[in-house]
Each structure stands twice: as structure tokens, then as C-alpha cells.
Amino acid sequence: MEREFFAEIDSSDSAEHRKLIKENDLVILARDLIKNYEIGDFLVKAVDNVSLEIKRGEFIVIKGHSGAGKTTLLNLIGGLDLPEQGIIYYDGVLITSMKEESLATFRLMNSGFIFQNYNLISTLTAEENIMFPMSLAGVSLKDQREHAVSLLSKMGLENRREHLPFQLSAGEQQRVAIARALANRPPNILADEPTANLDKKTSIFIQALFKELKEKGITMIIATHDDGLIELADRVILFENGKILNNT
Ligand SMILES: Nc1ncnc2c1ncn2[C@@H]1O[C@H](COP(=O)(O)OP(=O)(O)O)[C@@H](O)[C@H]1O
Ligand SMILES: [Mg+2]
């Protein structure tokens, strides 16, 4: 019942939303997002009625304490998870109405995800991990390999092609994960505390790389506390208790 009611609001406003997206070149337009977690008697409002807009090419930092809801928000924005209520347009596409299968394909071509815990496939080598999204996208094996090697070399990991994730340091795993996120040349990057558990040298490497991606016009949406990344931001969204504190 609620969902139907909501769908009505959504369609009646959609012309207005599309106008906003077009006029402001928005990569993300999100309205009234709600995501709760119910554990026993407890209800956690992880994302509590959040609306936001992100322009193409913006470097956005989402900053907030642990438990604020940053990961949940990032997963919603990137279409990894669905809100209980609310709508999200991603590059003009209403992803909150998409079927999981189309959404997966959409994600594959449009967003590179970088996770806090790397999320590499443990049975695949560094090179194969980077090839994996390209294989899903239908890239030829030869091109997959060539591009993976070039990305590994960009990450300073040309000698780690055959290594499995457990044979790599944390910093090396994250650099492989970043290479994987870049594999299909996505126009947007979403990163969840990408430097949180890393040494200073790798953090600085990632800051420089993200700066370069920003200069190439890639939209960067990053949950982080890292001052080096915050310095690069066009806008810092302060997020606490599932809410944006400074919605400008
Ligand atoms: N899968 C889940 N099940 C239950 N509660 C969750 C789950 N994921 C997150 N939460 C809760 O939602 C809140 C926000 O979590 P999260 O988005 O991970 O915050 P952050 O990334 O800012 O640390 C936290 O209180 C957390 O305990
Ligand atoms: Mg988190």
C-alpha cells in the first residue's frame, strides 16, 4: 500500500526531477531515502529521510563518525542496496525502479566501487580479479589481460600479477581493488573509506591517484575521514545518525 502511494508521488514529480537533472547535470538525484535495520526490538535508522544531489565531475566526501550510516548511504547511491522508501536517479536513470539484473549491468558500466575491506575474490589472482569485471562486460580475453597488466603497472604492482589476495599486503590488496574498480573505465567512482586501514605511503598514493581521476572529470563519491582526501573535495557532506547535517 505504502509502496503504491509512493510510486504515485514519484511519477507525478518525475518531470520536475528530470528537469533538475538536466539543468544541473546531476549524476545523482536522491529524494527521501530511508533505510532501517531491525535487530530484535531495536530499529536503527541508518539512512533517515535523506535527499541529495551530486553533479557530474564533483568530488564529494561523505564524512561522519563510525555508525553514522555512511556505508549504507553509499550502497544506496550506488545501487548495491535498495531503500525502503525514496528514489534515486543515477545518470538520469531511476535505479530504484530497476530489476536486480538490469541494475547489475548498469552498475558494471557506470560505477567503480572501492570497498573498505577490498572485497577481492580470494581464489583469483590479482590480475584475474581485475579482469573479472571486464569479462562480465564482454571484453575479449586479450584486451582484459592487456588492460589488467597496464592497470597493475599503474598501481606499482607489475610484480604481483600472479599473487592471490592472501599473499598481498593490505595496501597492495586495496590497489588491486582500485584497479578492478577502474577496469571498465567507469564515469563515477564510489569509495568506502578507501584509505582507512592503510599505511601512510599507500594513502598518499591513493590521494594522488584520486586527484588524477578528478582532473579527468570522473565523479568521485567517497566516505572518508582522511584529511588528504578531504582536501581534494569540492564538497564535504557531514553525515550523522542517518542524516545530512549540512545540506547545501
Ligand atoms: N546489515 C546490518 N544489519 C543491522 N544493522 C546494520 C547493518 N548494517 C549497518 N547497520 C547499522 O546501521 C548503522 C549505520 O551503519 P553503517 O552504514 O555501516 O555506518 P558507517 O559506515 O557510517 O560506519 C550502524 O548503527 C550499524 O550498526
Ligand atoms: Mg562504513
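Two residues are in contact here if their C-beta atoms, placed from the backbone, lie within 7 Å. Helices (H or I, at least four residues) and strands (E, at least two) are DSSP runs, numbered from the N terminus. What you have above is a predicted model, in which local features need pLDDT of at least 70 and side-chain atom pairs count only at pLDDT 80 or more, while totals for chains, interfaces and linings use all residues. Residues are numbered from 1 along each chain as its sequence is written, and chains are lettered from A and ligands numbered from 1 in the order in which they are written.

Let us begin with confidence. pLDDT is the predictor's confidence in each residue, from 0 to 100. The chain has a mean pLDDT of 93, with 94% of its residues at 70 or more. Over residues 1-10, though, the pLDDT is below 50, and this stretch has 2 contacts in the model beyond near neighbours in sequence.

Now find helix H4 (residues 126-136). From H4, Ala126, Asn129, Ile130, Phe132 and Pro133 meet Val176, Ala179 and Arg180 of H6. By class, the residues of this contact are 6 nonpolar, 1 polar and 1 charged (Ala, Val, Leu, Ile, Met, Phe, Trp, Tyr, Cys and Pro count as nonpolar, Asp, Glu, Lys and Arg as charged, and the others, Gly among them, as polar).

Which residues of H4 are buried? They are Ala126, Glu127, Asn129, Ile130, Met131, Pro133 and Met134. Buried means that 20 or more other C-beta atoms lie within 10 Å of the residue's own; 12 or fewer makes a residue exposed, and anything in between partly exposed. The cover over these buried H4 residues includes helix H3 (100-110), helix H5 (141-154) and H6. Just after H4, glycine 138 takes a positive phi of about 85°.

Aspartate 25 sits in the loop between helix H1 (2-24) and strand E1 (26-39), and counts as exposed because it has 11 C-beta neighbours inside 10 Å. Glutamate 193 belongs to the loop between strand E7 (188-192) and helix H7 (200-215); with 22 other C-beta atoms within 10 Å, glutamate 193 is buried.

Finally, look at leucine 232, in the loop between helix H8 (227-230) and strand E9 (235-240). Leucine 232 has 19 C-beta neighbours inside 10 Å, so it counts as partly exposed. Leaving aside residues up to four places away in sequence, leucine 232 touches Phe59, Gln207, Phe210, Lys211 and Lys214.
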